[in-house]
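Keep the viewer open as you read.

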Amino acid sequence: MSVREVAARAYREALPALAASVVGGLFAGVVLGGMRAELRAVPGLLVLVPALLATRGNVYGSLGARLSTGLHQGLVEPAFDYDERLAAAVAAALANGIAASLFAATVAVLVLTLLGEPVAPLATLVAIALVAGLLSGVALTVAVVSVVVVGFRRGYNPDTLVGPLVTTTGDVFGIAFLLLAVRFVLALGGM
């Protein structure tokens, strides 16, 4: 294959994923813009949003890269059968995602308190981060594993798919489940 053919193939594989990423990011922005009431009801939540979204990308991007490498090396079969390596990677990603969410909520409360800014109680932000982290973690795990395995089976390079997929689904599911988590925690009397 010539350099031109390789470049053309890479663009054919990446452009649909990048286009979906742009649409997903815009959708997440619209949802965030519609969360004004929740952002006012939970002081400090806006500080938490970038941290929660960034951890989704980092944790589940790592899961996708690990899975992609395993597929390329033949260590993981491109099937939806039970695989110990895949199960361990998924469990680690979920645990890391939840732990990072809880840490981010705790640090947000500490920093805002030190700065003298209004902030919701620690239990409220931790509960929101826990619910959002768990729900988005499950959704991202399913999305990453499914797209990487199916893409690999169809001859696509999963490394090309992982980046845009994780950013798009992480933003969309992250914001949607954050909104759901805020409403759930507030309905339980979280303030």
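**Reading the predicted model**

Q: Does alanine 10 count as buried, partly exposed or exposed in this predicted model?
A: The model is a prediction. Alanine 10 lies in helix H1. Its relative accessibility is 39%. Buried needs under 20% and exposed needs over 50%, so alanine 10 counts as partly exposed.

Q: How far apart in space are alanine 10 and proline 121, C-alpha to C-alpha?
A: In sequence, alanine 10 and proline 121 are 111 residues apart. In space, C-alpha to C-alpha, the separation is 48 Å.

Q: What pattern does the chain follow along the sequence?
A: The secondary structure comes to six helices and zero strands. Read along the sequence, that gives α-α-α-α-α-α.

Q: What share of the 191 residues in the chain is buried?
A: Buried means under 20% relative accessible area. The C-alpha atoms fill a box of roughly 60 × 35 × 30 Å along the principal axes. Of the 191 residues in the chain, the buried share is 41%.

Q: Among contacts between residues at least 6 apart in sequence, what share joins residues at least 24 apart?
A: A contact needs heavy atoms within 4.5 Å. Take the contacts between residues at least 6 apart in sequence. The share that joins residues at least 24 apart is 81%.

Q: Which helix gives the most to the lining of the largest pocket?
A: The largest pocket has a volume of about 170 Å³. Helix H1 (3-33), helix H5 (122-153) and helix H6 (158-187) each supply at least two lining residues. With five residues, the one that gives the most is H6.

Q: How many residues of the lining of the largest pocket are charged?
A: The lining includes Glu13, Ala17, Ser21, Val147, Gly151 and Leu165. Glu counts as charged, and Gly counts as polar. The lining divides into seven nonpolar residues and four polar ones, and the number charged is one.

Q: Is the pair of phenylalanine 173 and phenylalanine 177 stacked or edge-to-face?
A: A search of the whole structure finds one aromatic pair. The ring centres of phenylalanine 173 and phenylalanine 177 are 5.9 Å apart, with the planes at 20°. Planes under 30 degrees apart meet the cut-off, so the pair is stacked.

Q: In which helix do phenylalanine 173 and phenylalanine 177 both lie?
A: Phenylalanine 173 is partly exposed, at 27% relative accessibility. Phenylalanine 173 and phenylalanine 177 are four residues apart, about one turn of the helix. Both lie in helix H6.

Q: Is threonine 55 buried or exposed?
A: Threonine 55 has its place in helix H3 (residues 45-73). Its relative accessibility is 15%. The cut-off for buried is under 20%, so threonine 55 counts as buried.

Q: With which side chain does the side chain of threonine 55 make a polar contact?
A: Leaving out residues up to four places away in sequence, threonine 55 touches Tyr60, Ala100 and Ser101. The polar contact runs from side chain to side chain, at 3.2 Å. The partner is arginine 56.

Q: Which residues does valine 131 touch, not counting those up to four places away in sequence?
A: Valine 131 is found in helix H5. Isoleucine 98 is 33 residues from valine 131 in sequence and 8.8 Å away in space, C-alpha to C-alpha. Beyond four places in sequence, valine 131 touches Ala181 and Phe184.

Methods:
Residues numbered from 1 in each chain as written. Predicted model: local features only at pLDDT ≥ 70, side-chain atom pairs only at ≥ 80, totals over all residues. Heavy atoms only, no water. 1 Å grid on protein atoms, 1.4 Å probe; cavity = no way out; pocket = protein on both sides within 12 Å on 5 of 7 lines; lining within 4 Å. Points joined across faces, edges and corners; volume = space filled by probe spheres on them. Phe/Tyr/Trp six-rings, centres within 6.5 Å; stacked < 30°, edge-to-face > 60°. Buried < 20%, exposed > 50% of the residue type's maximum accessible area, 1.4 Å probe, protein only. Polar contact = N/O pair within 3.5 Å; in protein donor to acceptor, adjacent residues only side chain to side chain.
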